[in-house]
Amino acid sequence: MLIVENEELRKIECIINEKMKWIICTRCDRGIPPEYLQTHLWTKHKIDCSDDTLNSIITGRELMTFESIKAWKKNTFALEAVIGGIAVETGHKCIECGHCTPVWGSMTDHFVKNHEGKDARECTEADVQMQAPFGGELKKWLEIIDSSAMEVDEENESAWDAVKVLLAKKRRRARASTGREENVRLLNGFVARTRWDILIEGHDKKQLRALAAIAKEKDPLHKVMKVSEKYFTEISDKLRVGDVLLRRKIESEG
Ligand SMILES: [Zn+2]
Ligand SMILES: [Zn+2]
């Protein structure tokens, strides 16, 4: 699973994004470096996170440290897709350098500092979807390139299940259509070989249908029908039993 939630995480109102290797505070919808988790929870939300709880949550998860998040921030300029667990905001993007912010005042400041003489209105894009995964020193608004896409983990079972269902549906449709085609072809071949169309030409169709109809229960023909049906059922049952025995034998040999 991409987003981890368990009893311990619920106690401190956090989740873990397994793909990003981040622990996320669900009150802020923002990542918290593990080094600052206890301080953040206590000062911001008065949530007590003991050393034991912290250790059991982070042990074996290889979560990104403050330093590695800092490096990630430095090297990341946009997000391919929405990062699960992090709040999404709509804001402004500077066309000159790609800088993003949901606050217009902060964008005009950006223009004063970085693009002197340029008009902020003219050189920005509005209604841009963005995420700032961390706060404080690590804060940086990043544009989401494809906001309709959610990050997909290869090991995300539900996503794979969805794909499998789609593939199965496609296969079934293909099979159904070829099955129908084969039937038509068979029918055409049968008619072509026997020339039924010629044989029944000029005959009373109603009478032919009555002759070919399934026999009624009191009809002696019905008994013949029953017997032949039983005959075939028995053969099929025998084959089925044989198959099971054979399978058992193969299994015991194996
Ligand atoms: Zn928080
Ligand atoms: Zn700029």
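This is a predicted model: local features need pLDDT of at least 70, side-chain atom pairs count only at pLDDT 80 or more; totals for chains, interfaces and linings use all residues.
The protein chain has nine helices and nine strands.

Cys94 (SG), Cys97 (SG), His110 (NE2) and His115 (NE2) coordinate the zinc ion (ligand 2) at 2.0 to 2.3 Å. The angles among the four donor atoms are 99 to 121°, and the site is tetrahedral. Along the chain, the donors follow the spacing C-x2-C-x12-H-x4-H. Cys94 counts as buried because its relative accessibility is 0%. Cys97, at 46% relative accessibility, counts as partly exposed.

Four strands form an open sheet in the order 1-2-3-4, with antiparallel pairing. Its edges are strand 1 (3-4) and strand 4, each with a single partner strand, so one side of each is left without a neighbour in the sheet. In general terms, strands of a sheet pair through backbone hydrogen bonds, in either the parallel or the antiparallel sense.

Strand 2 (residues 14-17) and strand 3 run antiparallel and are joined by four bridges. Cys14 has Cys25 of strand 3 as its bridge partner, and Ile15 has Ile24. Four residues lie between the strands in this hairpin, where Lys21 takes a positive phi near 65°. Strand 3 is joined in turn to strand 4 (residues 30-32) by three bridges, again with the two strands running antiparallel. Here Ile24 is partnered by Gly31 of strand 4. This hairpin also has four residues between its strands, and Asp29 takes a positive phi near 55°. From strand 3, Trp22 and Ile24 point one way while Ile23 and Cys25 point the other, and all are buried. Helix 2 (residues 37-45) lies across strand 2, strand 3 and strand 4, and runs at about 5° to strand 3.

What coordinates the zinc ion (ligand 1)? The donors are Cys25 (SG), Cys28 (SG), His40 (NE2) and His45 (NE2), at 2.0 to 2.2 Å. The four donor atoms subtend angles of 103 to 119° around the zinc ion (ligand 1), which makes the arrangement tetrahedral. The sequence spacing of these donor residues is C-x2-C-x11-H-x4-H. Cys25, at 1% relative accessibility, counts as buried, whereas Cys28 counts as partly exposed because its relative accessibility is 30%.

One loop residue brings the discussion back to strands 5 and 6. Ile86 is found in the loop between strand 5 and strand 6. With 6% relative accessibility, Ile86 falls under the 20% limit and therefore counts as buried. Which residues does Ile86 touch, not counting those up to four places away in sequence? They are Trp22, Ile24, Asp29, Arg30, Gly31, Gln131, Ala132 and Pro133. Ile86 and Arg30 are 56 residues apart in sequence, yet their C-alpha atoms are 5.3 Å apart in space.

Some values describe the chain as a whole. Of the contacts in the protein chain with a separation of 6 or more, 57% are between residues 24 or more positions apart. Buried residues make up 26% of the 254 residues. The accessible surface of the protein chain comes to about 18400 Å², and carbon and sulfur atoms account for 55% of it.

Definitions and conventions: Residues are numbered from 1 along each chain as its sequence is written. Chains are lettered from A and ligands numbered from 1 in the order in which they are written. Side-chain values use heavy atoms; hydrogens and water are left out. Buried means under 20% relative accessible area, exposed over 50%, partly exposed in between (1.4 Å probe, protein chains only). Contact means heavy atoms within 4.5 Å. Accessible areas come from the Shrake-Rupley method with a 1.4 Å probe; for residues, only the protein chains shown count as cover. Two strands pair if DSSP finds at least two bridges between them. Donors are N, O and S atoms within 2.8 Å of the metal (3.2 Å for Na, K and Ca); water is not among the atoms, so sites may look incomplete. Four donors count as tetrahedral if all angles lie between 85 and 135 degrees; four count as square planar and six as octahedral if opposite donors are over 155 degrees apart and all others between 65 and 115; anything else is irregular. Axes are lines fitted to C-alpha atoms, for helices over the stretch in contact, and angles run from 0 to 180 degrees between N-to-C directions.
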